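Dear colleague,

Please find the structure below, handed over for your records. A summary of the findings follows it.

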Amino acid sequence: MRLSVIGCGYLGAVHAAAMASIGHDVVGIDVDERKIETLSKGEAPFFEPGLQEILTEGIESGRLRFTTDMAAASGSKVHFVGVGTPQQKDGYAADLTYVNAAIDGLLPYLSPGDIVAGKSTVPVGTAAELAPRVEATGATLVWNPEFLREGWAVKDTIDPDRLVVGVSSHFARSTTGAEATTGDGEVNPADVLREVYHPAVAKGTPFIVTDLATSELVKVAANAFLATKISFINAMAEIAEVTGADVTQLADALGHDERIGRRFLGAGIGFGGGCLPKDIRAFSARAEELGRGESVAFLREVDAINLRRRDRAVDLVVNAFGGSVFKKNVTVLGAAFKPHSDDIRDSPALDVAVRLHGLGAWVTITDPAALENAQRLHPQLNYVPDRDEAIRGADALILVTEWDEYRRELSPEHASTLATGRVVVDGRNGLDAAAWRAAGWTYYGMGRP
Ligand code: UGA
């Protein structure tokens with residue numbers, strides 16, 4: 001099928017390449033000339049396992065191309081819109097400038113029968129507002145939220161755990177699964193999307209057809225739930241800290257209850273990235289606009305707990321030196337918001353590093369993938385790509401992104417040959433506390449005795 005993908009950021013670039021890899025003929029469109037140039041050469045503009053391979057394969061096969069010219073969308077059957085919806089500069093709500101610009105830019109190139117499939121994370125109600133503009137061209141608007149995780153984006157796009165398609169009400173009524181058309185012979189857009197995602201559909205991936213509002217809500221509700229789960233366990237860490245309990249054992253014990261599950265109960269310096277923080281804020285803002293602010297008031301607490309954990313990690317380092325880190329060499333292990341990513345958007349790791357620098361510590365940061373991005377944002381810090389060089393001479397280490405290089409592959413004995421001091425703060429509860437203590441280190445975890 002001929003597809004266009006408007007917006008070639010994290011979501012769009014992966015989506016375009018993934019759709020080409022399953023046999024579609026895809027054009028990716030973005031206003032950013034540098035990004036298009038990079039992608040056209042088959043180079044991934046960010047670190048994402050597996051992306052490079054499918055980009056090269058797609059371009060070499062001729063099924064994938066990238067351009068800044070919106071006219072290239074003309075002739076595609078489905079137009080995916082995957083532009084960013086960042087937090088507004090002066091508030092918590094989502095900024096829909098790019099979504100509106102993408103839709104307006106696309107309108108002249110739509111033909112009757114085309115499908116515009118929104119993928120961006122938007123406040124509930126956005127699709128219904130956009131629909132009349134799209135429908136005036138004879139095309140149909142559906143919402144098809146994306147649940148990909150960075151680091152697993154290619155797998156999550158080709159083989160997701162569920163597919164959700166929101167359609168306008170007259171299609172929603174007729175879509176029970178088997179029907180391909182509405183009563184009046186019109187093709188149901190959900191069935192076209194079934195064809196687009198044929199490998200996942202063939203293997204029985206749940207395919208949920210719903211109304212526009214539900215599809216928009218599924219996405220923000222999923223991220224709100226994940227953020228709440230993380231902040232729940234971090235709240236338990238705060239209680240553990242005043243009672244001598246161990247939050248990691250608590251999480252293990254809770255996780256054996258299948259209704260709860262162990263995943264996303266990793267206590268530490270909390271969540272960051274381009275999605276969870278901004279999505280829960282945008283959700284609160286939207287709920288307030290709808291007069292239902294109280295329904296998600298708990299998300300403010302989720303946010304507050306999350307931010308307090310960064311303070312806690314900084315305090316652990318400061319207290320380890322009796323109240324001041326002035327002129328102490330602190331090596332920060334990690335900059336990315338999570339491992340297997342070079343993304344530093346709202347990274348708790350980088351935030352902790354910047355705060356320690358602000359308190360007068362001499363901060364050295366290392367990270368296998370995110371250093372270039374981090375350096376661009378915070379040029380005042382010292383960046384050392386080689387892990388061992390970064391540790392050499394350190395008075396204290398703090399683990400803030402649980403890359404295997406630090407969590408599994410760095411033995412305390414080896415660290416002892418490099419560092420000057422023997423203080424280690426485990427901001428992700430990823431280290432073997434007993435082993436570090438046995439090697440002579442003073443170990444501090446998050447929510448652990
Ligand atoms: C998240 C969701 O997991 C995806 O389903 C969603 O599609 C995506 O946002 C999005 O909206 O685009 P992602 O931002 O890639 O994906 O990262 P996660 O794996 O969810 O991790 C988010 C943050 O939570 C990271 O900073 C991670 O370190 C932290 N985290 C995660 C914890 O602190 N504890 C945990 O137990 C798990």
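How many residues surround the ligand, and which are the closest? In this predicted model, the ligand is surrounded by 21 residues, and the closest are Leu148, Glu150, Lys219, Asn223 and Gly266.

The side chain of Lys219 places an N or O atom 2.6 Å from an oxygen atom of the ligand. For the side chain of Asn223, the corresponding distance to a ligand oxygen is 2.7 Å. Of the 710 Å² of accessible area that the ligand has on its own, the protein covers 88%.

The domain arrangement is as follows. The protein is divided into domain 1, residues 2-205, and domain 2, residues 227-449, and their centres, taken over C-alpha atoms, are 34 Å apart. At the interface, 17 residues of domain 1 contact 20 residues of domain 2. About 1400 Å² is buried between the two domains, 54% of it on carbon and sulfur atoms. Within domain 1, the residues that lose the most area to domain 2 are Phe47, Tyr92 and Glu150, which together account for 46% of what that side buries.

Glu150, listed above among the residues closest to the ligand, also forms a salt bridge with Arg345, at 3.1 Å from N to O. One salt bridge is found across the interface of the two domains, and eight residue pairs are in polar contact there. On the side of domain 1 that touches domain 2, 10 residues are nonpolar, five polar and two charged.

Yours sincerely

Definitions and conventions. Residues numbered from 1 in each chain as written. Predicted model: local features only at pLDDT ≥ 70, side-chain atom pairs only at ≥ 80, totals over all residues. Heavy atoms only, no water. Domains from an automatic or database assignment. Contact = heavy atoms within 4.5 Å. Buried area = accessible area lost by both parts, 1.4 Å probe. Salt bridge = Lys/Arg side-chain N within 4 Å of Asp/Glu carboxyl O. Polar contact = N/O pair within 3.5 Å; in protein donor to acceptor, adjacent residues only side chain to side chain. Nonpolar A, V, L, I, M, F, W, Y, C, P; charged D, E, K, R; others polar. Near = heavy atom within 4 Å. Areas by Shrake-Rupley, 256 points an atom, 1.4 Å probe, with all protein chains shown as cover.
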